[in-house]
Amino acid sequence: MVIVSPQTIHGQWKLPPSKSLTVRTILLAALANGKSTLHNILDSPDTRKLCKVISFMGASYHLNHQQLTINGCSGKPHVKHPYWNLGNSGIGLRFCTAIAAMQKQPLILSGDLSLRQRPMQDLLNGLSQIGLQ
């Protein structure tokens, strides 16, 4: 068992643009309380699709080249749109599957053909073990 207590994170980090880091950071900022400004992100089609997805969960964003400002949903995502297209982002799909499982209404998570063919059964099995469908 792992017990995680709420923490406040402050600081600045400069990392090279990376799809993996960009996706993770966007999702963390979307779930955070308040405003986060991300610099030096990888501006890609998947980044733009994920920005739409976070707006569907109640966060807002402004993208300007390699800078992204996100107003988070304070850890309480609420569905504004039931279809989330994650492009080719496997990390986004896995994180959003867990977020979707917390919602009271069904969601459709999808993406391009490559993403739809990726293995997800281990994650789905784990979620079903804790009672989520």
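Author: What follows covers the fold, the core and the surface of this predicted model.

Reader: Which order do the elements run in, from the N terminus on?

Author: The order is α-β-α-β-β-β-α-β-α-α. That makes five helices and five strands. The radius of gyration is 15 Å, close to the 14 Å that the globule rule gives for 133 residues, so the chain is as compact as a globular protein of that length.

Reader: And what does the C-alpha trace span along its principal axes?

Author: About 35 × 35 × 25 Å.

Reader: How many residues are in the largest nonpolar core?

Author: That core has 26 residues, and Met57 and Ile70 have the most contacts inside it. At least two residues each come from α1 (19-31), α2 (45-56), β3 (67-71) and α3 (90-101). The largest share is from α1, with five residues.

Reader: What does Ile70 touch, leaving out residues up to four places away in sequence?

Author: Among its partners are Ile26, Ala29 and Ala30, along with Leu38, Ile54 and Tyr61. Ile70 also touches Gly34, Lys35 and Ser36, as well as Ala59 and Ser60.

Reader: Of contacts between residues at least 6 apart in sequence, what share joins residues at least 24 apart?

Author: 70% of them.

Reader: Switching to the surface. What is the accessible area?

Author: The accessible surface comes to about 8,800 Å², and carbon and sulfur atoms account for 56% of it. Of the 133 residues, 34% count as buried.

Reader: How many charges are there, positive and negative?

Author: There are 13 positive and 4 negative charges, and their mean positions lie 9 Å apart.

Notes. Residues numbered from 1 in each chain as written. Predicted model: local features only at pLDDT ≥ 70, side-chain atom pairs only at ≥ 80, totals over all residues. Heavy atoms only, no water. Helix = DSSP H or I, 4+ residues; strand = E, 2+ residues; numbered from the N terminus. Rg over C-alpha atoms; globule rule 2.2 N^0.38 Å. Buried < 20%, exposed > 50% of the residue type's maximum accessible area, 1.4 Å probe, protein only. Contact = heavy atoms within 4.5 Å. Areas by Shrake-Rupley, 256 points an atom, 1.4 Å probe, with all protein chains shown as cover. Lys, Arg positive; Asp, Glu negative; His and termini not counted. Charge placed at Lys NZ, Arg CZ, Asp CG, Glu CD. Core = buried A, V, L, I, M, F, W, Y, C linked by side-chain atoms within 4.5 Å.
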